[in-house]
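Q: Can you walk me through this one? I'd like the overall build, then the charged pairs.

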Amino acid sequence: MLSTLEDGKIVKGLAGIPSEGPVLLVGNHMLLALDTVSLLSQMYTEQDIIVRGMAHPLMFRRRKRGRLPEVSSFDWLRVMGIFPVTATNLFKLFSSKSHVLLFPGGVREAFHRKGEEYKLFWPEQSEFVRIAARFGAKIIPFGSVGEDDLGQVVIDYDDLVKIPYLRSEIENLTNEAVQLRAGVGGEVENQQVYPPGILPKVPGRFYYYFGKPIETDGRKQELKDKDKSQELYLEVKTEVERCIAYLKEKRESDPYRSILTRSLYQATHAPTSDIPTFEI
């Protein structure tokens with residue numbers, strides 16, 4: 001994990017994450033939300049920060065009973081302090097000066113198609129800037145990469161819906177879930193719930209890069225303006241894309257990208273030793 005200090009310097013670790021909230025971490029979602037647990041656990045282990053993640057409501061309630069796993073099977077999310085993503089919950093968390101984790105791409109990014117790794121599917125209009133500014137929350141854009149070193153999507157939604165029976169099953173699964181962003185238009189509105197076919201790989205490594213915090217304190221009135229709010233929203237999105245591109249390039253020079261080289265390193269060093277990575 002890399003973070004950025006106030007002076008713009010990139011450092012290894014999470015020293016660039018403010019210890020005091022409210023803070024909003026905004027980034028991309030990797031396949032099946034594989035990025036979430038390691039991010040939350042590392043924040044707590046290294047910085048003693050409890051990050052409140054925002055998850056799709058399908059993890060907490062259903063429109064109707066069906067074939068999706070029981071809601072109780074997601075109780076571990078509640079144990080980790082994860083909340084359903086709603087404006088009310090964001091309001092409450094910012095009011096308590098929490099660190100909040102948000103993935104604007106949501107289900108569409110977590111269930112992306114073949115060849116869409118690291119592509120952002122965000123709403124066209126800002127959804128979080130003005131509420132962050134209301135509480136003076138620092139916004140920290142970040143990128144995460146590594147899913148393509150864990151597995152590759154070989155069967156996606158576009159393949160499955162060609163088979164009538166599977167198309168019907170996907171529709172049933174999707175209809176069981178609470179729908180978000182209905183009517184907003186664009187790809188982010190497509191939130192089909194389906195099991196992708198994934199070809200496993202020899203595991204690589206996950207990388208996270210947190211950009212420089214963006215201040216909203218004192219900008220409440222300014223960011224009430226729709227155009228100003230949208231301008232900052234696009235700035236955050238562009239920064240997330242930059243963080244992703246940086247990691248994709250730099251990981252090519254990481255000698256410990258493979259689990260094999262990391263295992264060898266751990267076998268010849270103390271088990272708790274930090275495994276090196278690329279040079280910043």
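A: We'll take the overall fold, then the salt bridges. Keep in mind that this is a predicted model.

Q: How many helices and strands does the protein chain have?
A: Nine helices and 10 strands.

Q: What is the radius of gyration, and what would a compact globule have?
A: The protein chain has 19 Å. A compact globule of 280 residues would have a value near 19 Å, so the two agree.

Q: What share of the residues counts as buried?
A: 49% of the 280 residues.

Q: And which contacts join residues at least 24 apart?
A: Among contacts between residues at least 6 apart in sequence, 80% do.

Q: Switching to charge. How many positive and negative side chains are there?
A: The chain has 37 positive and 38 negative side chains. The centres of the two sets lie 4 Å apart.

Q: How many salt bridges?
A: The count comes to 11.

Q: Where do Arg78 and Asp75 lie?
A: Both are in helix α2 (residues 75-79), three residues apart, about one turn of the helix.

Q: What about Arg251 and Asp148?
A: They also form a salt bridge, at 2.7 Å, N to O. This pair links distant parts of the chain, 103 residues apart. Arg251 is in the loop between α8 (226-250) and α9 (259-267), and Asp148 in the loop between β7 (138-145) and β8 (151-155).

Q: Is Arg251 buried or exposed?
A: Buried, because its relative accessible area is 4%, under the 20% cut-off. Asp148 is buried too, at 18%.

Q: Which residues are linked in a network of salt bridges?
A: Asp148, Asp149, Arg251, Glu252 and Arg257.

Key: Residues numbered from 1 in each chain as written. Predicted model: local features only at pLDDT ≥ 70, side-chain atom pairs only at ≥ 80, totals over all residues. Heavy atoms only, no water. Helix = DSSP H or I, 4+ residues; strand = E, 2+ residues; numbered from the N terminus. Rg over C-alpha atoms; globule rule 2.2 N^0.38 Å. Buried < 20%, exposed > 50% of the residue type's maximum accessible area, 1.4 Å probe, protein only. Contact = heavy atoms within 4.5 Å. Lys, Arg positive; Asp, Glu negative; His and termini not counted. Charge placed at Lys NZ, Arg CZ, Asp CG, Glu CD. Salt bridge = Lys/Arg side-chain N within 4 Å of Asp/Glu carboxyl O.
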